[in-house]
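Open the model in your viewer and keep the selection panel at hand. Each stop below says what to select and what is there.

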Amino acid sequence: MEFTKMNGLGNDFIVVYGEPSLPANVAELAIKHCNRYFGIGADGLVYILPSANADFMMRIINSDGSEAEQCGNAIRCVAKYVYDRGLTPHTEITIETMGAGVQSVTVQAEDGVAHTVRVDMGAPILDSTLIPVAVEGNPVMNQEIEIAGQIFHFTAVSMGNPHCVIYVDDAVNIDLNKWGPLLENHPLFPRKVNVEFTTVQSRDRMDMRVWERGAGPTLACGTGACATLVSSVLNGYSDRSGYVSLKGGDLYIEWDESSNKVYMTGSAATVYTGETTE
């Protein structure tokens, strides 16, 4: 298997291009190759596939073998991959995803190399039945949840995949390994959930740390950053645009009031290319 190792703010992926469809054993491949000790090491395995509805299709398999509906960092990597390799001459590209449909991306390039990518992430989903979360509401805000004797309050948002945003005093030092898996698998979330712990620093900047469903703690989560900005606007904590600071760096997020669409701008990087021996 020929691959390219890429990352978006440290959220890293094994990117594969040229297959007509997902291999039948894709879950096994993801578990094997994403292993950081016995494999290549990554948060997920990403396939760039043909699409009948867009320029390309993106399929993301988490490191545990489950499939993610969408990933904001991965889509920036896919855009950089196809642009840098001349698979498209255009800086405006459409990419089909499993959970968020066809999304438009704008590559900001210099000398034929993509440096940053702005992604139209679409409208946030706030209806509890569609997120999904087993609580009635549209939106679900300041909802109490108890886990291991601790009470948190969350706001639920889907950006094509489910998120619960929890505001804490010190997101940077939160114990992700303790609370992340308990919240991810809580019965309130029938399809599990991505968990964003957030501390608001100002009207246009917030710190966020993330536990990703199927991958665990990661250095960045693009859809999570979008969900965090949307949640912060709903709760009156932030303006409709600002920076979400993750462990791997900053993403600039905008929630356009007229279109209801969320836009994400951030970098993507190619680390190396290789070929597996098995």
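A search of the whole structure finds one cavity of 30 Å³ or more. A cavity here is a set of points on a 1 Å grid over the protein atoms alone where a 1.4 Å probe fits but cannot get out, and its lining residues have an atom within 4 Å of a point. Grid points are joined across faces, edges and corners, and a volume is the space filled by probe spheres set on the points. The model is predicted: local features need pLDDT of at least 70, side-chain atom pairs count only at pLDDT 80 or more, and totals for chains, interfaces and linings use all residues. Residues are numbered from 1 along each chain as its sequence is written, and side-chain values use heavy atoms, with hydrogens and water left out.

**The cavity**

Select N62, A68, Q70, C71 and E212. Of the 16 residues lining the largest cavity, these lie nearest its centre. The space inside is about 130 Å³. Now colour strand 2 (11–17) and strand 4 (56–62): each supplies at least two residues of the lining. Strands (E, at least two residues) and helices (H or I, at least four) are DSSP runs, numbered from the N terminus. By class, the cavity lining has six nonpolar, seven polar and three charged residues. Nonpolar covers Ala, Val, Leu, Ile, Met, Phe, Trp, Tyr, Cys and Pro; charged covers Asp, Glu, Lys and Arg; the others, Gly among them, are polar.

**The pocket**

Next, select I31, C34, N35, R36, Y37, A42, D43, S63, A215 and P217. They line the largest pocket. A pocket is an open set of grid points with protein on both sides within 12 Å along at least five of seven lines. The volume of the largest pocket is about 160 Å³. Its lining divides into six nonpolar, two polar and two charged residues.

**R213**

Move to R213, in the loop between strand 13 (205–212) and strand 14 (216–218). Is R213 buried or exposed? R213 is buried, at 11% relative accessibility. Buried means under 20% relative accessible area, exposed over 50%, and partly exposed in between (1.4 Å probe, protein chains only). Show the contacts of R213, leaving out residues up to four places away in sequence: N62, E69, N161, P162, E184, R191, K192, V193 and N194. Contact means heavy atoms within 4.5 Å.

K192, one of those contacts, has phi near 65 degrees, a positive value in a residue other than glycine. K192 sits in the loop between helix 3 (176–184) and strand 12 (194–202). K192 is partly exposed, at 37%.

**Aromatic pairs**

How many aromatic pairs does a search of the whole structure find? The search finds seven. Rings of Phe, Tyr and Trp (its six-membered ring) pair if their centres lie within 6.5 Å; planes under 30 degrees apart count as stacked, over 60 as edge-to-face and the rest as tilted. Select F3 and Y272: an edge-to-face pair, 6.1 Å centre to centre, with 80 degrees between the planes. F3 lies in strand 1 (residues 2–8) and Y272 in strand 18, so the pair ties together parts that are 269 residues apart in sequence. F3 is buried at 7%, whereas Y272 is partly exposed at 35%.

Then take Y167 and Y237. This pair is also edge-to-face, 4.8 Å centre to centre, with 75 degrees between the planes. Y167 is in strand 11 (residues 162–167), and Y237 is in the loop between helix 4 (222–234) and strand 15 (241–246), 70 residues apart. Y167 is partly exposed at 24%, and Y237 is partly exposed at 37%. Beyond four places in sequence, Y167 touches H153, T198, V200, T228, S231, S232, N235 and Y237.

**Charges over rings**

Show R85 with Y81. R85 lies over the ring face, 3.9 Å from the ring centre. Here NZ of Lys or CZ of Arg must be within 6 Å of the ring centre and within 35 degrees of the ring normal. R240 lies over the face of W255, at 4.3 Å from the ring centre.

**Backbone stops**

Which peptide bonds are worth a look? I131 to P132 is cis, with omega near -10 degrees. N138 to P139 is cis, with omega near 10 degrees. P132 is in the loop between strand 8 (113–122) and strand 9 (140–147), and P139 lies in the loop between strand 8 and strand 9.
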